[in-house]
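Thanks for coming. I have one structure to go through, and I will keep to a few parts of it.

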Amino acid sequence: FDALVEMGQSLRPVEQVVRWHAEGEPYQHGNSYWAPFERAGARVLPGVKPMAAGTDLRLMNVLVLDRIGAIGFSPVAEAYRNFGPVGVVIVLGLLGLALGAIDAIRDRRRAVLAIATLYPPLLINIRNSFVSVPAQCAAGILVVLAAAAVRHVVRSVVSRSYARTAYIRSEI
């Protein structure tokens, strides 16, 4: 029954967003998807002040908490909030294309790295808003790049050490 309850809780944000628009609220035209990038840019660009997260109603988690309470959110509800029914098809279609592209990666090591980097944020997004997805993906990419750099340095040091040892042995 827990799975059914969870699925029902995923439908509540969709119902709420559909109701808001039926009552006359305009679509957001991508504002909730753009907001995380704009907020990140405001933190690093000189002279630009980011809006306080707790008052930025473009962030779906803030809007829902303000209007309804802590019910979580949904990718379907966020796509509908931004672009309406067509947006749901387009956003989920793009998500499907991205997941299919990862599945089509021939080099399995790269595919596993892509899966490890992108799947956890997307899994968390199932019951939350999009706001954290870009930062989580960026953090995953940085971890993968750091691991690759460490691997490269270690291989370089080990190969030099091996070459030096082989040279010394050939001298003896």
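A term to begin with: a salt bridge here is a side-chain nitrogen of Lys or Arg within 4 Å of a carboxyl oxygen of Asp or Glu. Please keep in mind that this is a predicted model.

By that definition, a search of the whole structure turns up eight salt bridges. I will start with the one between the side chains of Arg81 and Glu25, where N and O are 2.6 Å apart. This pair connects distant parts of the chain, 56 residues apart: Arg81 belongs to helix α4, residues 75–103, while Glu25 sits in the loop between α1 (2–22) and α2. Are the two partners buried or exposed? Arg81 has 4% relative accessibility, so Arg81 counts as buried. Glu25 is at 23% and therefore counts as partly exposed.

Next, helix α2. This helix runs over residues 31–44, which is 14 residues. From first C-alpha to last, α2 reaches 20 Å, close to the 20 Å expected at 1.5 Å a residue. Several of its residues are buried, among them Tyr33, Pro36 and Arg39.

Glu38 is at 36% relative accessibility, so Glu38 counts as partly exposed. Arg58, with a relative accessible area of 17%, is buried.

Which other residue does Arg58 form a salt bridge with? That is Asp56, and the closest N and O atoms are 2.8 Å apart. Asp56 and Arg58 are both buried. Taken together, Glu38, Arg39, Asp56 and Arg58 are linked in a network of salt bridges.

The last part is a pair of helices. Two packed helices are described by the angle between their axes and the distance between the axes. For α4 and helix α5, residues 108–125, the axes come within 11 Å and cross at roughly 160°. Angles over 145 degrees count as roughly antiparallel, so α4 is roughly antiparallel to α5. The crossing of α4 past α5 is left-handed. On the α4 side, the contact is made by Pro75, Leu95, Leu99, Ile102 and Asp103. On the α5 side, the residues in contact include Arg108, Ala111, Ile115, Leu118 and Leu122.

That is where I will stop.

Conventions: Residues are numbered from 1 along each chain as its sequence is written. This is a predicted model: local features need pLDDT of at least 70, side-chain atom pairs count only at pLDDT 80 or more; totals for chains, interfaces and linings use all residues. Side-chain values use heavy atoms; hydrogens and water are left out. Helices (H or I, at least four residues) and strands (E, at least two) are DSSP runs, numbered from the N terminus. The expected span of a helix is 1.5 Å times one less than its number of residues. Buried means under 20% relative accessible area, exposed over 50%, partly exposed in between (1.4 Å probe, protein chains only). Axes are lines fitted to C-alpha atoms, for helices over the stretch in contact, and angles run from 0 to 180 degrees between N-to-C directions. Angles under 35 degrees count as roughly parallel, over 145 as roughly antiparallel, 65 to 115 as roughly perpendicular and the rest as oblique. A crossing is left-handed if the near helix is turned anticlockwise from the far one by less than a right angle, and right-handed if clockwise. Contact means heavy atoms within 4.5 Å.
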